[in-house]
Structures are given as structure tokens and as C-alpha cells.
Amino acid sequence: MSGTGRQRPTGPWPQRMVNPIHHYEWGSRTALAWIQGREPSGRPEAELWMGAHPLAPSRLIAADGTEHDLDALVTDSPIETLGARASSRFDGRLPFLLKVLAFDQPLSVQVHPDAAHARRAWEAQQERTATAPADAAASSEAGSEAEVGTGTGVEARNGSGHTTDPHYYSDPYAKPEMLYALQPIDAMCGFRSAERARELVELLDCDRLSELAADLTSEEASEEDRLRRAFARLLHWPAEDRAGLAADLGKRARVLLATAGGRGTGPSATDRRALTWCSRLSRLYPEDPLVAAPLLLDLFRLDPGDTLFVPAGAPHAYLYGLGVEIMANTDNVLRAGLTHKPVAVDELLQVVDSATRPVRQLPQVQLGPFEVTWRLPVDEFRLTRLRLPHDVPVSAWPYLSGPQVLLCSAGTVTVHVGGRTEVLTPGESVFLGAGGGPLSVNGPGELFRAATGA
């Protein structure tokens, strides 16, 4: 049964969450089902969302058995749900979204704006749409991340070089994100040094890339300008030659990989990783110039327990793996390529920052015998992890203010808040509104806590 009107099931906490799964084409057909201990659906299952995103909010099961959309609950009762401080700080909205990502194929290469740029673009967009409300409504309907991406209303081009509908910012917020590896993850994030990128380009010995190599070699430009120029060249690659470029790069990468042997012959191990991804991407996206992205962007391997923070302006793409992701609750994504969704080349080049780098292995802080967190340079979210070795209840760190999402990732975790108890198995979660505490938990199992950072 769904809540209606001004009903406020704002407690008692915790309340069990019913969370949507998104079936994007790059998703795994088995990983989320494996985590949740169920049979696979037969479809790609890419993302499990836990939060109040308006496109796909979680539902809460209240104490009386009724169900309520979390975004509607936050809207109707922001103080009771978020707390006065978080409600004021984050404009009456739940500022974070927790996900489990399961990807068998690469996600798009994308960039997120910083807060200042997002607000300027949003306000300028609002001024424009105020004079053309009918057009704005139609464009906004087409602009969600779940379907076609977002942007500022600049003309976009898709992977084949054809123009598409305009992109629009969904709101005035930045979208920082943190990724925690549950299983090994391959990712591209941030630029290599210009010298290292040039070495990889020259290794391929491809005439088509001669101007790209020249961009990276120029002594008249700073390193940041050289990288930016090379990236822009790929994004603006002539439509009629994109298939040729992808085929040429894929073929040359495979030839070089075939020469790799023992005793140091052929490309180095780090070179082979870049060549391997060029080869794979050329098969997946045979008309996209960003099959060359592994030559310009750093490749990372995250082992289980490793973390990655993606700042604004850093081009990135997750390539393969399984992880927990926490991010700001916004759709402000500008895509560069490796996607069938529209891309926003010109606007993205206003946002990309060739000097920024991701943060790997975030500084870890011990909160208690069983709980850790990571230092993050953002206010929208914080993530902690509890590893519980036994079934004796332990107190969770008590200083998280405002709302929380608790996600079980392994074992069986029993959550105690006041007089209420919920038992979670992997892939299950509960929501705690403001004032939901003190919290104690017991295992054996593993639990993530998502909360605001401010």
C-alpha cells in the first residue's frame, strides 16, 4: 500500500528499503543476483540505487506495512527526515545517492562539473527557458541521465558525429563520487602525463595519430594545454574517419599484443594494459574515436577494499568490475563517448580539467574497533564500513548526523535502533531518518553506512 497526501511515516526507524535496479546494456547478468542470493533475471543488471533520486526513488516500508517513496517523504517532511541542519544545508533534499555498480562492459567516458559551473549553467538555462517555456519543457523531458544524459542546452553530437537534441543541466549541483571495490575493478580516470601519452601514441605507429602525437609534443604549450588539445582532437574527429580510426587502432593494438613474450620482449605490462583496452573498445564501439582514450587517460586497477574519488573536471570511465558507489544526488553528467547516449562535446570541453587527478586509496580513519571511514573533500556524503566478526552487538560511530542508508554487503547483519530490529542479508538496506539512533549492529557480516558529510 502506498502513502498518499501528507502522511508522514517519519519513524520509527529503521525502515526497510525497496530499491530499483537499472538494466543498462553494460550491466552484469549475474553479479547483482549473486550478491542478493537470487536467480538472475536474464537481463543486464547494472545499478542498484538506494536514495531519493526523483527518477527512481527507493520505497520505504513503514512500521504499519505501508510503502512510501523516499523522495516524496523527504519533500513532505524534510525536517523530520533529514534533520534541520541537513535540510537547510542541502535545500531540503537528500544530497547523496548510494549504488551498487555491476559492469561487464565499459561505462561512458564522462566529466562532471564543479559546483560553481553547475550553478552558473543552471541559472543561465533557467533564464533562457523562462522566455521559451514550451521548448524548455520538451527539452527537460529529454534530458534525464537515465535516458539520454544531461547538459546545458549546447548542441550535442553522438558517437557517429551526428547532431542530437540539446543537453540540459538537471539542477544547480555538482556531482562528486567515490567508488569502493567489492571485486577487482578496471577504470580510466584523469589524464596521463603528456610524455607518457605521447609514448603510447607513438608505440602504435599509426599515421592517423600523427597530429595527436604532435599535440602532445608541442614545446610551446603547457602540459595541461597539450593534453586538452589532444583530447579535443579526439572528440572532434571527422565523422567520416571514425570507423577507420577505430579499426586501425584496434588492429595495431592486437598486432603489438601478439608480439608480447617472455624475457622482456614486446610491450611492457603497463603498455599492454592500454593496448588491451584499445583493442576491446574498438570492438565494442567501432565508430567512436574514444577507443583511443586509454592512450590519454590513466588506467587503474582497484583490488577489493580499494577506493577511488573522482573530482569535478576529471574524465573517467569504469571499465569492468563490481563496487559500491556513493555520489551527490544529481544527474549533471557530460558524456564524451563510448556510449549510445548523446554527448555534449563543446560544453564538456568547458568543464574538463586536464590538471585534476583522481584520488586513489583515500586516507582511512578508524572510527572504532570495527568501523572505518575515508577522508573526503565534500559535504554531500560520507561513507563508513563496519566489518563485524561475531554476533555480539557493537555500537556504531554515534556522530553521524542526519539521514543514513545502511547496506549489507556480506554475511548477515542485524540492525538495532531503539526498540526496532531489522535483519539484513547481502544487497538489502534500511533507511534511518534524522534522530534515528543510537545504532548498534551485529554480524558476522559487512555493512556500509552512507550519510551526509556536513
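The model is a predicted one, in which local features need pLDDT of at least 70 and side-chain atom pairs count only at pLDDT 80 or more, while totals for chains, interfaces and linings use all residues. Residues are numbered from 1 along each chain as its sequence is written, and side-chain values use heavy atoms, with hydrogens and water left out.

Let me begin with the term itself.

Next, the overall picture. The protein has 13 helices and 25 strands, which are DSSP runs numbered from the N terminus (helices H or I, at least four residues; strands E, at least two). Buried residues make up 55% of the 454 residues, where buried means under 20% relative accessible area, exposed over 50%, and partly exposed in between (1.4 Å probe, protein chains only).

I turn now to two residues. Thr384 lies in strand 18 (residues 382-388), and Trp374 lies in strand 17 (residues 371-374). Is Thr384 buried or exposed? Thr384 is buried, because its relative accessible area is 0%. Trp374, at 4% relative accessibility, also counts as buried. Leaving aside neighbours within four places in sequence, the residues in contact with Thr384 include Glu371, Trp374 and Leu400; contact means heavy atoms within 4.5 Å. The side chain of Thr384 makes a polar contact with that of Glu371 at 2.7 Å. Such a contact is a pair of N or O atoms within 3.5 Å; within protein, one must be able to donate a hydrogen and the other to accept it, and residues adjacent in sequence count only if both atoms are side-chain atoms. The side chains of Trp374 and Gln364 are likewise joined by a polar contact, of 3.4 Å.

Four strands form an open antiparallel sheet in the order 19-24-21-22. Strand 19 (394-395) and strand 22 stand at the edges, each with a single partner strand, so one side of each has no neighbour in the sheet. Two strands pair if DSSP finds at least two bridges between them. Strand 21 (residues 413-417) is joined to strand 22 (residues 420-424) by five bridges and to strand 24 (residues 439-442) by four. Within these pairings, Val415 has Glu422 as its bridge partner in strand 22, and Thr414 stands opposite Asn442 in strand 24. Two residues lie between the strands in the hairpin of strand 21 and strand 22, where Gly418 takes a positive phi near 60°. How many residues of strand 21 are buried? Four of its five are.
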